[in-house]
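This briefing covers charged pairs, domain layout, the domain interface and backbone geometry. Please read it alongside the sequence and the coordinates.

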Amino acid sequence: MKVTIIGTGGVGAYFGGRMANAGHDVTFVARGEHLKAMLEKGLKVKSINDDFLVSPVKATSNISETGVSDLVIVAVKAWQLKDVAVQLKNVVAENTLVLPLQNGVLASEELKEVLPHKNVLAGLCRIISKIENPGIINHLAVEPTIVFGETDNSKTDRVLELNSIFEASGFKSMVANDIQSELWKKFISICVSALLAVTRSTYGEVREQPETREMMCQLFKEVADVAAAMNVYIKEGFVDKTMGFIDTFPYDSTSSLTRDIWEGKPSELEYQNGTVVRMAEKAGVDVPVNRFIYQSLILMEKRARS
C-alpha cells in the first residue's frame, strides 16, 4: 500500500513507522531539523512495546511532492487541518482514503469542506508519544490503537481491508460500530489537557489532589452532557471509566496541548475546551469547568498565535 503521513510527530511517526517496517511504501511529511535527521539517520522510535528503526526514510516537507497515495493519514494538529486539506486536493485521487487522527470531533467535517466526501474517513488514535529529539520518537504510554470507520458507519470492504492492513503492521485497530460515539468518548478524556495546563501539573498530580480530581471528574461529565444533548450515545458509567483510564497514565506524563501551552506555542485549545463551550451554548448545556479553563487560557493562546 502506498501511504502518506502528513505530520510526523508522535502520532504520525509511530503509526507510519510501523507500516513502513511492515513493507508498505510510506512517505513522511515533516519539516526542519526533524526532517533532516530522518533523511540522514532514519526514523528511530523508542517504545514501551519495542524500539524500532525505519531506514532509509522517504520524507519531504512538501505535500505536493508525495504524489497520489492509497492512504493519507493526517496527523497534524487540529488547527492546521484546514490548510492541509487545501494542499491535499492535488494528491487525492478517485480511490484515495484520507484518515484524520486529530483530537476533537470536527476533523472529518473540515476535510469534507474541501475534499470529496467519498474520500474522507473518520478516525482517532490512542497513544502517548512525542518527538524526543530530531528523528527520534518516544512512545511513553497507552497501547497504540487506531479506531476508524466510514463517516456513516457503514462496514465497507475498504475499511475492513484497511483494518487488516493496520493489524498486520503491528498495532491495534478497530472498525467502529459508531465512530461518532468513539470520537466523543476520546474527546471527553482529552479535554483534561487544558486543566493540566492551567494548574501547571502532570496527570499524576492532578488526579491525586482531591480538589483538582473533582474538577477533572466534573469536566468529563460536562463534555458527556454536551454529547448527550447532541444525540451522541455515551454509555452510562463512561465518566467513571475515563477516570480509571487516566489513573493508568504515568505519573509525570502530560499531553501535547499541555506542553504546547506551557511552551508558548499555538495549541488545540479551540478544538478541545473551546469546542465544548461553543457546542454547549448551542445545546443549552451549562459547562462551568470547561468554560473557566477555556477562558483562563484564551490570552495565552492569542499571544502564542501572534
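A search of the whole structure finds 15 salt bridges, a salt bridge being a side-chain nitrogen of Lys or Arg within 4 Å of a carboxyl oxygen of Asp or Glu. The model is predicted, and local features need pLDDT of at least 70, side-chain atom pairs count only at pLDDT 80 or more, while totals for chains, interfaces and linings use all residues. Residues are numbered from 1 along each chain as its sequence is written, and side-chain values use heavy atoms, with hydrogens and water left out.

**Salt bridges**

- Side chains of opposite charge can pair when their charged atoms come close.
- One of the salt bridges joins Arg18 and Asp50, with the closest N and O atoms 3.4 Å apart.
- This pair links distant parts of the chain, 32 residues apart: Arg18 sits in helix α1 (residues 10-21), and Asp50 in the loop between β3 (43-47) and β4 (52-54). Helices (H or I, at least four residues) and strands (E, at least two) are DSSP runs, numbered from the N terminus.
- Asp260 and Lys77 also form a salt bridge through their side chains, at 3.3 Å from N to O.

**Domains and annotation**

- The domain assignment gives domain 1 (2-177) and domain 2 (181-305); such bounds come from an automatic or database domain assignment.
- UniProt, in an unreviewed entry, places "domain: Ketopantoate reductase N-terminal" at residues 3-152. That span is 24% helix and 37% strand, and its end C-alpha atoms lie 24 Å apart.
- The UniProt feature "domain: Ketopantoate reductase C-terminal", also from an unreviewed entry, is placed at residues 178-298. Residues 178-298 are 69% helix and 0% strand, with end C-alpha atoms 33 Å apart.
- UniProt positions are given in the numbering used here, feature names are shortened, and annotations may be inferred rather than shown by experiment.

**Interface of domain 1 and domain 2**

- The C-alpha centres of the two domains lie 24 Å apart.
- The contact (heavy atoms within 4.5 Å) takes 23 residues from domain 1 and 21 residues from domain 2.
- About 1900 Å² is buried between the domains, and carbon and sulfur atoms give 65% of that area. Buried area is the accessible area (1.4 Å probe) that two parts lose on being put together, summed over both.
- On the domain 1 side, Trp79, Asn103 and Val105 lose the most area to domain 2, together 34% of what that side buries.
- Two salt bridges cross the interface.
- Eight residue pairs are in polar contact between the domains (both at pLDDT 80 or more). A polar contact is a pair of N or O atoms within 3.5 Å; within protein, one must be able to donate a hydrogen and the other to accept it, and residues adjacent in sequence count only if both atoms are side-chain atoms.
- Strands β8 (121-133) and β9 (136-150) each supply at least two residues of the domain 1 side, and β8 gives the largest share, eight residues.

**Backbone geometry**

- Most residues other than glycine have a negative phi, and most peptide bonds are trans.
- Ser55 and Pro56 are joined by a cis peptide bond with omega about -5 degrees, and Pro56 is in the loop between β4 and β5 (58-60).
- Val142, in strand β9, has a positive phi of about 75 degrees although it is not a glycine.
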